[in-house]
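The following exercises concern the structure shown below. Each task is followed by a solution in steps.

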Amino acid sequence: MTQRRVVGNRWDAEDGRHPDPLPLVSVIVSHFDQSEELARTLHALAAQDYPRHLLEVVVADDGSPGAVDVPEGVILVRQEDRGFRLAAVRNLGVRASSGEVLCFVDADTAPEPGYVRALSRLPALLPEAVTVGRRRHADFSGLPVDAPVVEAARGRELAEPAWLAEEYARSRDLLDADDRSYRFMIGAVIGCSRRLFDEVGGFDESFTSYGGEDWEWAHRMWQAGAVFAHVPDAVAWHDGPEWADRDGSGVDRANAQTLRLQAAIPVQGSAPRALWSGDPDFVVRVHGDHSAAALFIAADSLVGALPRARLVLDAVPEVLEGDPRIVVASADDTSAAVDARVTWLLERPVIVLDPAWIADVVRRLGTGDVGSVELRAHDGSSLGVLRSRRAARRSARWGDEHGFYTARMSAVGVHALRADPRLEAWVGGWGGLESFC
């Protein structure tokens with residue numbers, strides 16, 4: 001498969017390009033006890049305009065009662081019924097497949113003839129691409145399962161989710177994706193390369209109730225450096241209304257999904273505002289041996305500016321030992337002991353006096369073309385490097401820094417601490433900058 005790259009999320013750099021040769025594509029169809037819907041979807045997959053010898057279809061069954069009928073040439077894998085296990089059954093389907101590109105559909109979501117070709121184009125060109133198609137809705141009740149899906153849907157269309165359409169328009173089909181764009185990756189119509197799927201680890205099989213497994217997976221893919229793209233030409237038709245209009249889709253279920261995800265996605269707007277979370281969003285790593293006073297002021301100013309931050313030190317002074325946000329670097333990790341969305345590497349402690357400025361830098365880092373920021377004091381001295389996890393993962397994957405740009409910025413409200421700052425001035429709030437720097 002072609003191994004191309006783009007900077008940031010600029011999938012538009014591949015506009016007009018098509019993979020040559022075409023890769024083998026595996027379509028994973030997740031299924032539970034929907035024989036009629038499955039038959040319709042398999043008919044629709046048989047009508048794809050993608051070369052038949054390069055299209056592999058795997059039906060992954062989540063323990064349906066009785067037999068599951070699939071046509072000759074379609075792979076069927078099954079797991080026992082132990083309740084809702086969509087994440088596990090998708091992983092099972094992937095393990096049974098052999099394609100270089102993976103496309104996912106649910107059994108009740110029948111694709112139009114161009115679905116596979118459109119959804120697989122970018123992952124075939126860019127191994128880091130994760131694509132999401134357009135899931136439309138129609139009422140197929142009473143129609144033969146072998147009716148062409150476009151004709152079957154005509155005149156039977158149901159409302160599409162307005163919030164999705166609005167977001168795709170606002171973000172220019174996710175070209176302007178950010179850390180919360182996982183919310184717009186719909187598991188019934190997604191595609192990616194096998195390489196990235198295997199590297200990131202597939203779906204989290206601890207999800208055993210409806211909803212959220214696709215968003216958690218998409219968040220991990222994004223943080224691993226994925227390129228998100230919405231492909232409006234990759235259309236698949238769901239038999240029935242959108243989730244919000246179905247029976248049993250009320251506030252309780254939505255809240256349960258949010259509570260399940262908030263611990264796994266520690267980004268602003270998804271994580272709690274003040275409650276403690278086990279997964280950090282921001283880590284500050286200070287190397288070297290420094291005075292307890294300097295580390296105290298650095299820690300107090302940093303967590304005051306960013307309460308969800310962690311401070312990683314070579315040695316934690318006694319005065320800071322009681323705060324779980326202050327940790328000792330692990331012996332086998334010279335850069336940071338905690339994996340976070342953004343890491344700030346420092347050779348000396350700093351004081352943060354403009355929380356809004358540093359919070360904005362941290363919030364935006366890695367969501368555009370800039371993956372790292374070199375901070376400079378007004379005298380030109382270094383105030384460390386902030387680096388996004390996305391940039392770090394791409395660098396590790398490719399062995400270079402071409403996946404994101406590095407910006408050089410003059411720090412606002414951030415100053416290097418001297419070795420013996422006046423601690424009482426900081427605690428009392430009466431000292432000027434000369435007391436610290």
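A residue counts as buried under 20% relative accessible area, as exposed over 50%, and as partly exposed in between (1.4 Å probe, protein chains only). Helices (H or I, at least four residues) and strands (E, at least two) are DSSP runs, numbered from the N terminus. The model is predicted: local features need pLDDT of at least 70 and side-chain atom pairs count only at pLDDT 80 or more, while totals for chains, interfaces and linings use all residues. Residues are numbered from 1 along each chain as its sequence is written, and side-chain values use heavy atoms, with hydrogens and water left out.

**Exercise 1. Describe the protein chain as a whole.**

Step 1. The protein chain holds twelve helices and 18 strands.
Step 2. Along the principal axes, its C-alpha atoms fill a box of roughly 80 × 45 × 40 Å.
Step 3. Of the 437 residues, 53% are buried.

**Exercise 2. Explain why α11 is described as largely enclosed.**

Step 1. Seven of the ten residues of α11 are buried, so the helix is largely enclosed by the rest of the structure.
Step 2. The buried residues are Arg 389, Arg 390, Ala 391, Arg 394, Ser 395, Arg 397 and Trp 398.
Step 3. Their cover includes α6 (194–200), α7 (213–223), β9 (227–239), β15 and β16.
Step 4. Just after α11, Gly 399 takes a positive phi of about 80°.

**Exercise 3. Classify Ser 388 and Ser 98 as buried, partly exposed or exposed.**

Step 1. Ser 388 lies in strand β16. Because its relative accessibility is 2%, Ser 388 counts as buried.
Step 2. The side chain of Ser 388 reaches the backbone nitrogen of Ala 391 at 3.0 Å. Leaving aside neighbours within four places in sequence, Ser 388 is in contact with Arg 341, Val 342, Leu 365, Gly 366 and Gly 371.
Step 3. Ser 98 is found in the loop between α2 (86–95) and β4 (101–106). With a relative accessible area of 46%, Ser 98 is partly exposed.
Step 4. Not counting residues up to four places away in sequence, Ser 98 touches Leu 24, Ser 26, Glu 56 and Arg 194. The C-alpha atoms of Ser 98 and Leu 24 are separated by 7.8 Å, although the two residues are 74 residues apart along the chain.

Technical notes: A polar contact is a pair of N or O atoms within 3.5 Å; within protein, one must be able to donate a hydrogen and the other to accept it, and residues adjacent in sequence count only if both atoms are side-chain atoms. Contact means heavy atoms within 4.5 Å.
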